[in-house]
Amino acid sequence: MESVNAKYVSQKISKTRWRPVSHSSLQQPDIFATGSWDNEDNKISFWSIGNHGSSGMDEGFEGDPQLLCEHKHDGDVLDLQFLDQDRIVTTSSTGAVTIFRHHQNSQTISVSQRWPRVHRYPCDNAPCTGVVCSSPEIVTVGEDGKIIVFRADQEGVIRVIENADSSTIHAVTYLRTTEILTCILYLDDVLLPLHCVDRHPNQQHIVATGGQDGMLCVWDVRQGSTPFSLMEAHSAEMWEVHFHPTNPDHLFTCSEDGSLLHWETSTHSDMPSFLQGGRNNSMISRSAMAPAGGNQSLISTWLSGDSSKGRLETTHMLPSQTLSVNSLDVLGQCLVCGTDGEAIFVNRQVPV
Amino acid sequence: MEELDVEPAITNIPAASDGKHLGFAWGPGDILAYETLYMAPGCSFIHEVRKDEDIYSPILRKLFNESHHIFVGLQTIREDLPSKNKKTQFVSISKNYRSVIRACMEELQQVLQKWPRNMEIRYVSILLAIELIWNLCEVLFIDAAPAGPLLLHLLDWVRLHKGDVDEKAREVLQSESPAEHHDYWDVPGGTQTLTEFDVKWRHWHEEVDRCLQDNSFASNQHLEIICKILVGDEDTLLEHKELLSTWYHFLVTRLLFCHPTVKPTELHYYAQSCMTMFLDLRSVPEPLDSILLAAFEFDIHQVIKDCSIALNNWWFVAHLTDLLDHCKLLQSHNLHFGSNLREFLLLEYASGLFTHHSLWQLAVDYFDNCPEFGHVYLELQIERVPLDTERKALKVLRICEQRQMSEQVRSICKIMAMRALRNNRLGSALSWSIRAKDAAFATLISERFLQDYCARGTFSDLDLIDNLGPAMLLSDRLTFLVKYREFHKLYEENRFSEAAKLLLSLITAKIAPRSFWMTLLTDALPLLEQKEVSHSAHCPYLLLYHLTCLVYGFIVFCYGSSCKVDQLLTSLIKESVCRFAGLGPEGLGTPKV
């Protein structure tokens, strides 16, 4: 395993996200944003790893990430997403939602728009735990159980769904352009909160979640309330799960136990998996049906995954146990993650 | 109580006005000082006096985080490795620590280049001193080089810290040296034994001495000076004091030219004399000098003690002592407070970390590695971590659960549950009490749910209640809540006989709170009218029987028992039963209640 160098940054990192690269260019991502938490003065920062179009480097880790600019942030950064090339939206433990703009020329950051205290209780602020955006629409969820919809260029709030749940909503993702999936609880003998959710980039009905017990679950949202497959991933809370955006046979998870896992699923046989479905029922763990609506090209290998069947490979991506890995993001061949040990790890040669 | 070694330090509180009385209270790492009203009416400020500002420096934070990583790695070195392998590992760990210090220094210097008046300038000299001391300790204690290689290591040590000066000296020397001198630099450790080298060196030394006596270099003054230096003539060396900026540089130089095969045990003689010779103008040696001298005397405890006093922060002594303890170099002697030196220092350091709003997470690992008191300290400190968001609470909980600190788990869950309850987030409160396995609180919350139901006629938070699973057995009230909700669900789905059975079991199990009896009765009545229920042979009569008991008990509870009530009640029941069974009023005897 190549050595992964840690960059110590004097702040506990709660979120890291790559700046999106345009689909036309084949460039690797070069800028990422981080948010901190648990500081008296929290910050959002932009970093560069200096990948200016040169692919095919043997040396994986040319240099440390360089700090481009940073800005003060009120409260812990609980979630962070890129709205577009220049703007990020962050949610705060004070219940505020803020859009920051990164000015590339002067390497400065300014507050573009702010909605303070949108998530709140009658007498207190409620932390805003998750955000998802599809420009210009932004959806946030919070500990007060509300779902709030904004538009990036409008002052007020578009819509509030109150009491969506009496518990805290931890995470949210888009299912389709008009539907969102929020993430609270799940039952399989024990009641456990789910902390993160991600949708398969190509097949919208497949969703992966991670929860308090560190189990990775893959669901088919069309089919009921038990997960398709269950895999023991980590020994503590799983904070983030991500499908690789262009190569969805790869999945990444990070956890409170200080590890970052890379899951790779593959088909061993020559026959495409959808043909195997009917004959070889033992391969499919929970559901026995091929999806109705015959236009589906493949039953995703995720839906038939079972770690003991040898179709799933897992590798640790960090060299040794660290404090909790709070966040990760993967784009192209680059992976960035941030930990409670105040370190950022960047891996430029993820094998996907 | 031991006497104080030094005078206690005085800290001025700038904001407090002159002549006012100050009261104070100890905190875990800080002191709160306040002005009192003893003399004249004063203003009511509270001042927070921080003992240790170093942990708030952003650059030093990297030191703390990186060294934490090394510390955790060190604790996992297996005890059963052969000692030679362990020594190499310890030396490499020591070098790791030092490289972290150097990285910090470099970064500080970069920052100071950009902003020369930055407050952090004071750390440069501290870090330099720390690295110097650590390096010397590594050479003398951890690497423990024998005579011969010892001098080489000391040379490296001095060179590292006085790089440019030595460069110059080396140039001068090498430009003049004949071939023999090249042999000289092939110092022991290579192919020769110590005695072989010693003999050769003495031979060479005598020759140079003779050359000097013969005045063969009298013509060239510079050459003569160089020769005198090579011979180790103290006066010449002292004349060039400005090249040797410190007494320990002087020491190593003198050893190099006079006693290259010095044994570790002889070091302190030379150290003492060199220091005296070098510092003859200054009266009192600085703290750094006495620390280094103690190191040359191999008095580890004195080194640690002096460093503890001289430095503001426990980082250095804690990590160094821990490493030395792993090398089995510390004699274990108990301190007055019961734990050994290593544990005491680690506890102090970690307690200091815990007062920091962010670095408390590092402290947990340090407490874990203090076998005697670490657990207790952790228990006391972890409850003070402020819990602003659920995510932070989950992290703290995970720490407590992994260490079986059930008291703290319960306490944290209760704090979060109360907060949720105050904000009317009943589902959240319930999940927290389930996590803590807190039956009493779960009962309280279930009551709130039921009250809500009575007030509004519907349930809130159905998804949570419907999916509790075996967690519902935590408390009777909670079980009732879940089952009652199930009853409603069955009723809505028109599964009446199942609903009736469930209601029956609810009543017979006697887990319904008294306040709910009326509600249960009201729920039962429409059931009895359902065809499905009334036509099933067994159920309705049982139901009726139990309902009757319920009603009777309820009325007695409300109105007390009396003959008149009895009569009234009996006739009421008779009438309704008959109506139900489709019989006339005389068709039924008195039911036994």
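Exposed means over 50% relative accessible area, buried means under 20%, and partly exposed is in between (1.4 Å probe, protein chains only).

Quick housekeeping. This is a predicted model, where local features need pLDDT of at least 70 and side-chain atom pairs count only at pLDDT 80 or more, while totals for chains, interfaces and linings use all residues. Residues are numbered from 1 along each chain as its sequence is written, chains are lettered from A and ligands numbered from 1 in the order in which they are written, and side-chain values use heavy atoms, with hydrogens and water left out.

Back to the helix. So which residues of α7(B) are buried? They are B:Phe197, B:Asp198, B:Trp201, B:Trp204, B:His205, B:Val208 and B:Leu212. Look down the axis of α7(B) and these fall within an arc of 135 degrees, so they line one face of the helix. The arc is taken from the directions from the helix axis to the C-beta atoms. As background, an α-helix has 3.6 residues a turn, so residues three or four places apart point the same way.

As for length, α7(B) runs over residues 194-213, which is 20 residues, and spans 28 Å from first C-alpha to last, close to the 28 Å expected. That expected span is 1.5 Å times one less than the number of residues. Helices here are DSSP runs (H or I, at least four residues), strands are E runs of at least two, and both are numbered from the N terminus. After α7(B) comes B:Asn215, with a positive phi near 60 degrees.

Next, the two chains together. The contact (heavy atoms within 4.5 Å) takes 37 residues from chain B and 47 from chain A. Between them the chains bury about 3,600 Å², 46% of it on carbon and sulfur atoms. That's the accessible area (1.4 Å probe) lost on putting the two parts together, summed over both. On the chain B side, B:Arg391, B:Lys395 and B:Arg425 supply 20% of the area buried against chain A, more than any other three residues.

How many salt bridges cross this interface? The rule finds five, a salt bridge being a side-chain nitrogen of Lys or Arg within 4 Å of a carboxyl oxygen of Asp or Glu. B:Lys395 meets A:Asp340 in a salt bridge at 2.9 Å, N to O. And the helices? α1, α16, α18, α20 and α22 of chain B each supply at least two residues of the side that touches chain A, and the largest share, seven residues, comes from α1(B).

Take A:Asp38 and A:Lys12, at 3.0 Å, N to O. A:Asp38 sits in the loop between β3 and β4 of chain A and A:Lys12 in strand β2, so the pair ties together parts 26 residues apart in sequence. Both A:Asp38 and A:Lys12 are buried.

In chain B, B:Lys62 and B:Glu107 pair up at 2.8 Å, N to O. B:Lys62 is in α1 and B:Glu107 in α2, so this one links parts 45 residues apart in sequence. B:Lys62 is buried at 15% relative accessible area, whereas B:Glu107 is partly exposed at 25%. And one to find on screen: B:Lys95, B:Arg98, B:Arg102, B:Glu131 and B:Glu138 form a salt-bridge network.
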